[in-house]
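Hi! Here are my notes on the model you asked me to look over. Have it open beside you while you read.

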Amino acid sequence: SINWIVDRVKPRRNGIGIYALYPSNWDFDESGPRYRYTHDLYDSIQPPEQAYYLISLLRQNTDALNGLRLSTKALRGQLRLGHRFTVLEGHGSLKDILVAYWSLSKWIRWYRGWKSLAQSKRLDFLSISIAELLTPVKFGILREIPKNIYTELCARNFSATYFPRYLYIPLYELLEGRAVICGANSENTSIIGIQHGVMFNLQRYRVITSLARICEKGFASMVPDVIAIEGEHVKQMYSSYDCIFDKVAVVGAPRIYWNQKREDATKPAAPGSHNSIIIFGDRYAATRLNELAINLSREFAVIFRCHPEAQELERIEGFIKSPDHQLIIETRTLSVPDLIDLYKPTASICCVSGVSVELAMLGVPVILIKSNLYPVIHPLATGENGIPLLSSLGEITGEIRSLIESPSYKKKRINDGQGLSQRIIEYAGSTATRQLVRLTDVT
């Protein structure tokens, strides 16, 4: 058993757990390792001995489980942290895996349901067909579905062993989060879901509407008891759904934090990064952002920050040593503030993701890139002072040149971004985690 190996750091019963993936989305600095989405929540829980992590070594929000080598490396890393934790997958067994992955009747029902769905002509959203997009999901019965069944079994066994009073789950709206919630849910455990990224118009359907439908259809065990959100902007989105609106609590964004001293902010930029542009990789628009980095590096110094689940980097890596390109690929697990302090970029480019708000709050001009065909209404890109949401290489190049050539325009963009982000985020960093801790007093 995995948990037999880590028995010396096991949690106390009736404690307060924090669900966390490992090793992705952890920041490591002088103050110690921290899970990005919950910041210093572990250290803020009182009494301290009540806090622990429910660690998943195999789940990385992908279609397949991690390999044994990576998971073993992650386990060794977690042991070095000194935190109390229990491994989610350590609460399962070979029998549980077989039950989750092998069920002929379940497969038959699944594919009959897909046939019925295709015949209903409901695979069009906003007049755009999503049939091709959902093709990988169709085969999820062989990957994603049994993986979540196994996760739910592990969570149920964990809950029966440690009887947590509270369990924080940052990824509550993802399938894996719902599986953990369903497994750990009991009348003795209060589940607190934490918003872990920016919410825009399309996310309303993906997150809020789906949660409401799940709740209405009798699957309330997959919905958190409390839904901790980042600000009033998101609260308004929930206000149309009576069945879950009373679960909403505004706490802010623990995921956005930085060292207030910011010692590195006064240091000169890293060599080769003058007037640089940082491009943040994205799991769902990887090819487009890779090509954008290659094309822009012909004219500007480009730092390409890889996504934690980056794949197929061979093409972009081939341009690192090209004399015609100024390209740096950043693969280190630096926090966003550390990355900004290191390279001092003129601008940042990203898809519609949570990092956009963090960059705006840090005073970096943000250029948003559309990643699909759907109309996007982003809280940073709306209103008279909204930041640019661009598509073509020409538009992006023109915006970068304006930022470099006009200090007054750059200052305006910085002020606009910070003003908009402060309207979206109620609290940030440690202030937000204190709000999260208070939820355990009133839940």
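How close do the axes of α7 and α8 come, and at roughly what angle do they cross?

1. **What you are looking at.** This is a predicted model, so to speak of local features we need pLDDT of at least 70, side-chain atom pairs count only at pLDDT 80 or more, and totals for chains, interfaces and linings use all residues. Residues are numbered from 1 along each chain as its sequence is written, and side-chain values use heavy atoms, with hydrogens and water left out.

2. **The whole chain.** You'll find 18 helices and 17 strands here. Both are DSSP runs numbered from the N terminus: helices are H or I with at least four residues, strands are E with at least two. Of the 443 residues in the chain, 52% are buried. Buried means under 20% relative accessible area, exposed means over 50%, and partly exposed is in between, using a 1.4 Å probe and protein chains only. The accessible surface is about 21400 Å², and carbon and sulfur atoms account for 53% of that; the areas come from the Shrake-Rupley method with a 1.4 Å probe, and for residues only the protein chains shown count as cover. Now take the contacts (heavy atoms within 4.5 Å) between residues at least 6 apart in sequence: 73% of them join residues at least 24 apart.

3. **Helices α7 and α8.** Back to the opening question: the axes come within 7 Å and cross at roughly 35 degrees. Axes are lines fitted to C-alpha atoms, for helices over the stretch in contact, and angles run from 0 to 180 degrees between N-to-C directions. The crossing of α7 and α8 is right-handed. That word applies if the near helix is turned clockwise from the far one by less than a right angle, and left-handed if anticlockwise. On the α7 side, Glu144, Asn148, Thr151, Glu152, Ala155, Arg156 and Ser159 meet Leu175, Glu176, Ala179, Val180, Cys182, Gly183 and Ala184 of α8. Sorted by class, that contact has six nonpolar, four polar and four charged residues. Here Ala, Val, Leu, Ile, Met, Phe, Trp, Tyr, Cys and Pro count as nonpolar, Asp, Glu, Lys and Arg as charged, and the others, Gly among them, as polar.

4. **How covered is α8?** Mostly covered: in α8 (residues 175-184), nine of its 10 residues are buried. Among them are Glu176, Arg178 and Cys182.

5. **α7 again, with α4.** Helix α7 (residues 144-162) also crosses α4 (residues 94-101), at roughly 140 degrees and with axes that come within 8 Å. That makes α4 oblique to α7. For the labels, under 35 degrees is roughly parallel, over 145 roughly antiparallel, 65 to 115 roughly perpendicular, and the rest oblique. This crossing of α4 and α7 is right-handed. Asp96, Ile97, Ala100 and Tyr101 of α4 make the contact with Pro146, Lys147, Ile149, Tyr150, Leu153 and Asn157 of α7. The contact of α4 with α7 has seven nonpolar, one polar and two charged residues.

6. **Helices α12 and α16.** α12 (residues 286-296) packs on α16 (residues 393-405) at about 55 degrees, with the axes 11 Å apart. The two are therefore oblique to each other. Their contact involves Leu292, Asn295 and Leu296 of α12, plus Leu393, Ile396, Thr397 and Ile400 of α16. By class, the contact of α12 with α16 has five nonpolar, two polar and no charged residues.

7. **Ile277.** This residue sits in strand β12 (residues 277-280) and counts as buried because its relative accessibility is 0%. Leaving out residues up to four places away in sequence, Ile277 touches several others, including Phe300, Thr346 and Ile400. The C-alpha atoms of Ile277 and Ser348 are 5.6 Å apart, though 71 residues separate them along the chain.

8. Most residues other than glycine have a negative phi, and most peptide bonds are trans. Asn14, not a glycine, has a positive phi of about 60 degrees; at 41% relative accessibility Asn14 is partly exposed. Lys344 has a positive phi of about 45 degrees and lies in the loop between α14 (336-343) and β15 (347-351). Finally, Gln46 and Pro47 are joined by a cis peptide bond, with omega about -10 degrees.
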